[in-house]
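Subject: Structure handover and findings

Dear colleague,

Please find the structure below, handed over for your use. My notes on what was found in it follow directly after.

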Amino acid sequence: MLRQIRILTKAQLCNFLNINVARFSKDRKKKNGMIAMGLVWVMLIAMLSFYVGALSYGYISIGLERVLPMYLSMISGILIFFFGMLKAGSVIFQRNSYEILCSLPVSQTVIVVSRFLSMYLGNVILALAVMIPGIAVYGYLLHPGMQFYFLGVIGTLFLPLLPMTAAVLFGALIIGVSSRMKHKSLVATALSMVLVIGVMLFSAGISEMEGEITGEMLKDFSGVVTAMIEKLYPPAVWLGNAMVEGSILSGMLYFGVSISVFVVMVILVASNFRRICGGLFSTTAKHNYQMTELKRTTVLRALYTKELKRYFSSSIYTTNTIIGPLMMVLIAGVVFFAGTEQIERVLPIEGGITALMPFMLAASACLMTTTCTSISMEGKEWWIIKSLPIQTKTVFDSKILLNLSLMAPFFVVAEILSILALKPEGMELFWLLFLPMVFMIFACVFGITVNLRFLNLDWENEVTVVKQSASAMIGGLGGCLVIILCALPVAFITQASRNIIRLIIALAIMGVTLWLYQRNVKTELATIG
């Protein structure tokens, strides 16, 4: 049984991480994509580690060393739940491999344990990336006893268990509720977005509670933060007390609850795996088709309709790409409801939030465009498009139009809120409207370019393309990085020169967009993939 679990877990990891492609593939493009993906992950982990290290130093500097392990544990749990919730259902109850595995002489327990284990290994890396820098800074500054390091490392290894259990529960709930409805993917997407918004509001609530602490409360600041964390996520307090105070009771409570809840979840899923998958994957059809009038349309419109249906047929695809536009509306909403005066206190630049708002809206909207993975999402059906007598330009235009049409309603709402909040006039109003549109078009074209460079059509699970591919990472982060670099000169120059810099930036981005677009459409459709 252990051997079977090891083999299936290894196969899952090889599939998700494309390990065999990196080892045995002779395709140089695929290997370059793997290298680029590895570099992106290294950069992200380094950035996260630096942020956690700086945060830890700040907490210790103001006398919050006692609550630092609790706070980092809670943040780790939120991150694991947030990212796991979006993919837990599709990983544990993966449909493509279910039919193959059920025909093999392996038990349901082996299948379920291997899937939980592969998901756990990914989450424990995230937990270590958050906890280890904090533990290192704490140890360097305060020199705690050996029990701090031992319980810190062991506790981090068990940290993903509770958030994973909650993520799987919510993921299965989303799939279960949506599978019995007519528009499954739309319902699943709506439920996922409700949970995503809930996590965002939860995180914002933490910051708001911290902001309400006054000078009088600084005398017992540690106790206030501890009480806040205990109210929001009690296991984090248990682990923190075990690490800092060496509390045996807190340690036993943390490990006991984490292990028991996770084991119960695995047992329940394993004992009902076939029944759950049968209920999730079974479909019903009404045999009441009637021939109606056939409609004729243009090739571009037909492809656009196909892209639209494909997009909303995948809750993973929809949820991950809609977060950026949603954040654009949230940023505009925060500025509108919080007021510009309070925000400009923390922005030491001339012009304040008005100067940065176009770039903030654009960066959030372009966080993860659909075009970054739209070609890869075709998968094994890409040969159908290649065999049609259509131009490459028409195919790419349909994918770009899909992305722009999805951004459009969010962009309109964000612009209305921004205009009402900032009350810009003249050129400020023009740039607030024009610059985000320029950057959004650039991000769509840039996404196509990156996807052509790091194409992946041999996937088994949509999570591999949407969340774990080099194209998704580079396409999303690359566009945001370009926008941030463009915002820097605008933030630190005088008002007189700001319009000239904006004009130069707009012309440069439009030129690069046109160049990339012309380069993309010259690609022969038959040679792609």
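The structure is a predicted model. F336 has its place in helix α16.

Surface patch

F336 is one of the residues of a nonpolar surface patch; together with F337, V412, I416 and L420, F336 makes up an area of about 500 Å². Two helices, α16 (315–338) and α20 (392–422), each supply at least two residues of this patch. Which helix gives the largest share of the nonpolar patch? That share, 3 residues, comes from α20.

In general, a pair of packed helices is described by the distance between the axes and by the angle between them. Two pairs that involve α7 are described here in those terms.

The handedness of the crossing between α7 and α13 is right-handed.

The other pair is α7 with helix α8 (residues 146–158), whose axes come within 8 Å and cross at roughly 160 degrees. How are α7 and α8 oriented to each other? They are roughly antiparallel, because their crossing angle is over 145 degrees. The crossing in which α7 passes α8 is right-handed.

Positive phi values in two loops

The loop between α7 and α8 contains H143. The phi angle of H143 is near 50 degrees, which is a positive value in a residue other than glycine. Is H143 buried or exposed? With a relative accessible area of 63%, H143 is exposed, because the limit for that class is over 50%.

K423 lies in another loop, the one between α20 and α21 (427–453). For K423, too, phi is near 50 degrees, a positive value in a residue that is not glycine. K423 has a relative accessible area of 62% and is therefore exposed.

With kind regards

Notes:
Residues numbered from 1 in each chain as written. Predicted model: local features only at pLDDT ≥ 70, side-chain atom pairs only at ≥ 80, totals over all residues. Heavy atoms only, no water. Patch = residues over 30% accessible without salt bridge, like charges linked within 9 Å, V, L, I, M, F, W, Y side chains within 5 Å. Areas by Shrake-Rupley, 256 points an atom, 1.4 Å probe, with all protein chains shown as cover. Salt bridge = Lys/Arg side-chain N within 4 Å of Asp/Glu carboxyl O. Helix = DSSP H or I, 4+ residues; strand = E, 2+ residues; numbered from the N terminus. Left-handed = near helix turned anticlockwise from the far one by under 90°. Axes fitted to C-alpha atoms, helices over the stretch in contact; angles between N-to-C directions. Parallel < 35°, antiparallel > 145°, perpendicular 65-115°, else oblique. Buried < 20%, exposed > 50% of the residue type's maximum accessible area, 1.4 Å probe, protein only.
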